[in-house]
Amino acid sequence: MPKQRDSNRYVILPLHGLRAEGLKESKESREFLLDAYGKFKSSVANKSTVLGQGVSMRSSVSPTVKLRVLDSIAEDGAKLVELTPKEVLNFRENQPGLKIVPVVYYYPQVIQRRIESRAAAASSAKLRLRLVSSTDGAPVSGALVVAITDLHAWTGAEGRSNSKGFVDLALGGMRKKLAKLLVYPAQGFWSSVDKNVTVKSGDNVELLPIDLSFKDALRHFYGNSPDNAGEHVRVAVLDTGVDLNSPDLKVLGGENTVLGEEPSDYGDNGEGHGTHVAGIISARGKPPSGIRGLAPAAELYSYRIFAKNSVEADSFAIAKAIDQAVANGCDLINMSFGGGPPDETVRAAMDEASTRGSLTLIAAGNEDRSPVCFPASFSPPGIAISAMGRKGTFPNNTSASDSVMHPYGKDKKNFVASFSNIGREIDLTGTGAGIISTVPGGYGVMDGTSMATPAVTGFAARLLAGRKDILDMPRDASRTNAMTQLLFARAKLLGFGPFFEGHGLPL
């Protein structure tokens, strides 16, 4: 869930959109934003401030207003600032034509069940398990292991396997009855889920290697796309970055919008989520040695909104990335992250993207059939996407098999994933259970509305490639509407009901 921190960090916004343009904003508001931008850029140019530190200023337009400007979107655009609560009140008094809203945080919408630290077992006694390949017994390193002793309280212990495949769990005793044992490998293997299992120290846990020729739900419905699928369509992935060294991915550009990090560092931040998302959209490999996405010829751009080794993105970094993606001519913007309460900063960026001819596609969230989370709940202009799966497209005893739940479709093998959020805002559903894609250094399997969203984005890119009439339209709201209508027209109802699938699965 998102967090609104007890922080002095805020975003200053025009009353409409991200920029104080035209007749919608007062002259005073625009001049204030220009003044703040000028002082900020001057400080950066003179190297009197370092990356991410910002500059303290008093406004020439409103001399009583004091603030620290940390970052900016355009000269007359939104500003990331630091203010004390007293300074916020003073700002509101002196600049009533501008909004000032707190920074909000968002998270990738991938399923990886964790133990809350407050609930972890406090014991010095360790139960040691060893993770090995089911084919050759080789150790599996870097996998997250989550042992649940009580499903209702969600208590237990977790750890990561070392280079020899060993993981030590603070469960106490040398033998334990577990409600669930979950294993999430970093790459190369399917996840593992065992229920009501008794384990003892020294036990091996076998993991099934990934066969890149395996037909997961994505390939079941869409097959392997031709080389030219997605041609001339530019796709932005706002995420944890995309692996720039993957043989299956070609990243044409992008930007890191995280405060304090280098804008040119838009590769994977170490979490792998963005690389997996990008592979679903436009991986160019071919099984059995590689993986293919739905639109391998799409022009892929990476916008890293998550800091190094972090799964937390702030609203200003997101807005700045959306703004930059639009400026770079991206037709589709994939947003596989979510939060909770509506946020004015991201809302303004999405509105502006829509009016400038770019379509945002957003994960509905993974809170187990809870209401659609923001920003997917802001639909339109965004397209909110739930996650579905299909029996037989993943091995038994994997995290995907743990997501099977009613309602089932007209074809009883199809289901809406148990983790997926649902509601009246859902526009489409996508394949999100047990999806094979690229990760740094290889290939991995993930589940979530995070995976369903790029499946729809990739299909949209494949579809748009054949519609030069839409791609050549002026970049305005009519263009965005035309892309949306084209995508909705290809959706097929699977029989789940509108709160679960919206218009259905694009096919």
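Visitor: Which residues of α4 are buried?

Guide: They are H273, G274, T275, H276, V277, A278, G279, I280, I281 and S282. Bear in mind that this is a predicted model.

Visitor: Why is α5 called roughly parallel to α6?

Guide: Helix α5 (residues 315-327) and helix α6 (residues 344-355) pack at about 10°, with axes 8 Å apart. Angles under 35 degrees count as roughly parallel, so α5 and α6 get that label. On the α5 side the contact uses S315, F316, I318, A319, I322, D323 and V326, and α6 brings T345, V346, A349, M350, E352 and A353. By class that is nine nonpolar, two polar and two charged residues.

Visitor: And what makes α7 roughly perpendicular to α9?

Guide: Here the angle is about 105°, and the axes of α7 and helix α9 (residues 477-489) are 10 Å apart. The range for roughly perpendicular is 65 to 115 degrees, so α7 against α9 qualifies. V456, F459, A460, L463 and L464 of α7 meet M483, L486 and L487 of α9. That contact has eight nonpolar residues, no polar and no charged.

Visitor: Which residues have the most contacts inside the largest nonpolar core?

Guide: L332, L464 and L487, in a core of 67 residues. Helix α7 (residues 449-464) gives the most to this core, with nine residues. Take L464: leaving out residues up to four places away in sequence, L464 touches V233, L332, I470, L471, M483 and L486. There is also a second, separate core of 45 residues, including V11, I73, A349 and F374.

Visitor: How many aromatic pairs are there?

Guide: The count comes to seven.

Visitor: Why is the pair of F32 and F91 called edge-to-face?

Guide: The ring centres of F32 and F91 are 5.5 Å apart and the planes sit at 70°. Pairing needs centres within 6.5 Å, and edge-to-face needs planes over 60 degrees apart, so the F32 and F91 pair is edge-to-face. F32 lies in helix α1 (residues 27-45) and F91 in helix α2 (residues 85-94), so the pair ties together parts 59 residues apart in sequence.

Visitor: How do you know whether F32 and F91 are buried or exposed?

Guide: The cut-off for buried is under 20%. F32 has 1% relative accessibility, so it counts as buried, and F91 has 0%, so F91 counts as buried too.

Visitor: What makes the pair of F394 and F415 edge-to-face?

Guide: Centres 6.2 Å apart and planes at 85°, so F394 and F415 pass as edge-to-face. F394 is in the loop between β21 (383-390) and β22 (414-416), while F415 is in strand β22, 21 residues apart. F394 and F415 are both buried. Elsewhere, ring pairs join Y106, F337, F374 and F378 into a cluster.

Note on methods. Residues are numbered from 1 along each chain as its sequence is written. This is a predicted model: local features need pLDDT of at least 70, side-chain atom pairs count only at pLDDT 80 or more; totals for chains, interfaces and linings use all residues. Side-chain values use heavy atoms; hydrogens and water are left out. Buried means under 20% relative accessible area, exposed over 50%, partly exposed in between (1.4 Å probe, protein chains only). Helices (H or I, at least four residues) and strands (E, at least two) are DSSP runs, numbered from the N terminus. Axes are lines fitted to C-alpha atoms, for helices over the stretch in contact, and angles run from 0 to 180 degrees between N-to-C directions. Angles under 35 degrees count as roughly parallel, over 145 as roughly antiparallel, 65 to 115 as roughly perpendicular and the rest as oblique. Contact means heavy atoms within 4.5 Å. Ala, Val, Leu, Ile, Met, Phe, Trp, Tyr, Cys and Pro count as nonpolar, Asp, Glu, Lys and Arg as charged, and the others, Gly among them, as polar. A nonpolar core is a set of buried Ala, Val, Leu, Ile, Met, Phe, Trp, Tyr and Cys residues joined through side-chain atoms within 4.5 Å. Rings of Phe, Tyr and Trp (its six-membered ring) pair if their centres lie within 6.5 Å; planes under 30 degrees apart count as stacked, over 60 as edge-to-face and the rest as tilted.
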